[in-house]
Amino acid sequence: MKAKDISIDTTVKQAITSKQAWHYRIVPMELNGDKVELLMDRGRQINGIQKELEVALGKQVEIKLIDGVDLDEVLARYYPRNHPEATVSSIPKLIANKENFILTLIEEAMHAGSSDIHFEVQEKLSRVRYRIDGNLVDKYTISSSDYPAVVNAIKIKASLDIAEKRLPQDGRIFFNRKGKRLDIRVSIVPTIHGEKVVFRLLNKDTGRIDLNRVGFTEGQLLHYKNGFLRSHGLVLISGPTGSGKTTTLYATLKRLNTRDKNILTIEDPIEYTLDGINQVQLKEGIGLTFPVALRTFLRQDPDIIMVGEIRDAETAQIAIRSALTGHLVLSTIHTNSAWGIISRLIDMGVPEFLISATLNVAVAQRLVRLLCPDCKKESEREGEMISRFLPDWVGPSFHPKGCTSCNYSGFRGRKAIFEVIEMTGELRRKIKEKESEMEELPEELYDQSLASQAIELFKTGETSIAEILPILLNQ
């Protein structure tokens with residue numbers, strides 16, 4: 001049996017703790033009532049260990065042997081050593097102290113670089129998943145009998161109503177442990193089997209946010225600065241959820257935040273707190289919406305306004321009006337490309353001449369997962385996709401493999417790519433004269449498209465063709 005052929009169910013994985021797995025060098029394969037089947041290194045003497053394991057685990061133990069190299073790979077994949085010592089593998093014991101259970105989950109998710117924690121209720125078992133590098137990863141299962149108690153503990157910690165189980169609820173948890181500080185947004189929604197909970201982990205540390213480190217090329221950063229360093233106008237960043245738009249906006253605000261500027265933001269949620277900036281949390285339940293906040297901001301003598309997202313025609317109209325009256329307005333919007341921002345504004349009812357007069361710079365952004373440099377493997381298995389998008393490419397193609405460095409995911413880290421269109425006189429004329437209706441903007445009018453940068457990451461071996469496929473299909 002080889003490591004690549006081994007897949008362990010999350011429930012089975014929890015039969016032993018991480019500490020037990022590495023101490024005894026064992027991995028559970030099957031769990032059936034009071035019996036457990038364990039993998040063990042064939043080079044190790046098993047005499048006496050089987051009885052010790054039966055006492056330690058409280059179950060009958062069957063042992064299957066596997067090569068030590070393969071066992072090490074399975075151990076590293078399912079019981080990584082790079083998370084806090086307090087493991088949540090022994091779920092039933094930790095659930096007895098529900099507050100510690102929740103705090104331990106948060107700490108482990110932080111260490112893993114997770115952006116969200118999902119608690120999902122199902123008919124027989126419930127599960128916990130972490131979003132890491134944009135993808136959800138199964139971590140733990142919780143019995144159906146224990147799950148409601150966990151949800152109630154979350155509600156108490158987030159100052160929510162434990163008696164309300166029919167309506168969605170939103171709350172927040174402030175995490176401060178061992179010098180690590182997080183602002184956690186809690187969302188609860190009722191489903192057919194019970195309540196689903198999602199934690200959004202918002203890092204309060206803004207020290208690492210730097211516009212020069214966001215990922216712009218030198219030329220793109222120059223064009224972007226030409227847009228946001230003006231005294232008035234509109235700066236818009238587009239991209240799907242989780243593409244890093246908000247981080248780029250915060251880095252921009254840090255650059256603009258000086259003692260002589262009055263900066264106001266309306267956000268949902270406030271992901272980072274910035275000293276010297278007046279930040280307002282959206283509260284639609286009491287009528288504090290984006291349009292209401294924007295109208296109020298205009299009476300607050302602002303220099304710069306940041307709107308979390310332009311979602312509707314009313315917000316778009318007020319943002320344009322604010323830019324026309326001498327304010328710099330920054331916001332995000334959902335489109336597939338930088339040039340698509342103009343079409344989106346037109347769809348929202350903004351006339352072309354107003355877009356031409358106010359838009360300073362349009363930016364599209366994506367995050368691309370990078371192959372682990374320690375284990376990426378050259379292969380021709382994706383040849384069909386390569387020939388479709390790069391028919392003349394004769395260089396190497398890499399795909400993910402998995403190793404201890406990347407916890408056997410095959411990927412390690414993400415890189416931002418951008419499409420930046422600075423509004424020049426020629427472009428303003430095109431928009432005003434309704435030439436913006438053309439599907440694609442000639443590439444000579446902006447510094448690199450998302451597709452060209454994604455392809456460059458593939459050609460240099462930093463990512464796989466499958467990873468950039470969604471970007472290529474959207475172009």
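**Figure 1. A cluster of aromatic rings in the predicted model.** In this predicted model, ring pairs join Phe216, Tyr224, Phe228 and Phe418 into a cluster. Within the structure as a whole, a search finds six aromatic pairs. One of the pairs is formed by Phe216 and Tyr224, whose rings are stacked, with 5.0 Å from centre to centre and 25° between the planes. The planes of this pair count as stacked because their angle is under 30 degrees. Both partners fall under the 20% cut-off for burial: Phe216 has a relative accessibility of 10% and so counts as buried, and Tyr224, at 0%, counts as buried as well.

**Figure 2. Asn226 in helix H8.** Asn226 belongs to helix H8, which covers residues 218–228. With a relative accessibility of 33%, Asn226 counts as partly exposed. Ser238 is twelve residues from Asn226 in sequence, and the C-alpha atoms of the two residues are 18 Å apart in space.

**Figure 3. Charged side chains over aromatic rings.** Two views show a charged residue above a phenylalanine ring. In one, the charged end of Arg369 is placed over the ring of Phe411, at 3.8 Å from the ring centre. In the other, Lys376 lies over the face of Phe398, and the distance to the ring centre is 4.9 Å.

**Figure 4. The packing of helices H16 and H17.** Helix H16 spans residues 450–459 and helix H17 spans residues 465–473; the two pack at an angle of about 175°, and their axes are 9 Å apart. Helices H16 and H17 are therefore roughly antiparallel to each other, since an angle over 145 degrees counts as such. On the side of H16, the contact involves Leu450, Ala451, Ala454, Ile455 and Phe458, which meet Ile465, Ile468, Ile471 and Leu472 of H17. Sorted by class, this contact contains nine nonpolar residues, with no polar and no charged residues.

Figure 5. Leu71 is located in helix H4, residues 68–78. Its relative accessibility is 0%, and Leu71 therefore counts as buried. When neighbours within four places in sequence are left aside, the residues in contact with Leu71 are Arg25, Val27, Leu39, Met40, Asp41 and Ile66. Arg42 is 29 residues from Leu71 in sequence, and their C-alpha atoms are 9.4 Å apart in space.

**Figure 6. Met29 in strand E1.** Met29 forms part of strand E1, which runs over residues 26–32. At a relative accessibility of 18%, Met29 counts as buried, because the limit for this class is under 20%. The C-alpha atom of Met29 is separated by 51 Å from that of Leu221, a residue 192 positions away along the chain.

Figure 7. Asp133 has a phi near 50°, a positive value in a residue other than glycine. At 23% relative accessibility, Asp133 counts as partly exposed. Asp301 likewise has a positive phi, of about 50°, although it is not a glycine. Asp301 lies in the loop between helix H10 (290–297) and strand E13 (304–307). With a relative accessible area of 62%, Asp301 is exposed, as the limit for that class is over 50%.

Figure 8. Pro269 is found in the loop between strand E11 (263–267) and strand E12 (278–281).

**Figure 9. The protein chain as the setting of the close-up views.** The protein chain contains 17 helices and 18 strands. Taken along the principal axes, its C-alpha atoms fill a box of roughly 85 × 60 × 40 Å. Of the 475 residues in the protein chain, 50% are buried. Among contacts between residues at least 6 apart in sequence, 63% join residues that are at least 24 apart.

Terms used
Residues are numbered from 1 along each chain as its sequence is written. This is a predicted model: local features need pLDDT of at least 70, side-chain atom pairs count only at pLDDT 80 or more; totals for chains, interfaces and linings use all residues. Side-chain values use heavy atoms; hydrogens and water are left out. Axes are lines fitted to C-alpha atoms, for helices over the stretch in contact, and angles run from 0 to 180 degrees between N-to-C directions. Helices (H or I, at least four residues) and strands (E, at least two) are DSSP runs, numbered from the N terminus. Angles under 35 degrees count as roughly parallel, over 145 as roughly antiparallel, 65 to 115 as roughly perpendicular and the rest as oblique. Contact means heavy atoms within 4.5 Å. Ala, Val, Leu, Ile, Met, Phe, Trp, Tyr, Cys and Pro count as nonpolar, Asp, Glu, Lys and Arg as charged, and the others, Gly among them, as polar. Rings of Phe, Tyr and Trp (its six-membered ring) pair if their centres lie within 6.5 Å; planes under 30 degrees apart count as stacked, over 60 as edge-to-face and the rest as tilted. Buried means under 20% relative accessible area, exposed over 50%, partly exposed in between (1.4 Å probe, protein chains only). A charge sits over a ring if NZ of Lys or CZ of Arg is within 6 Å of the ring centre and within 35 degrees of the ring normal.
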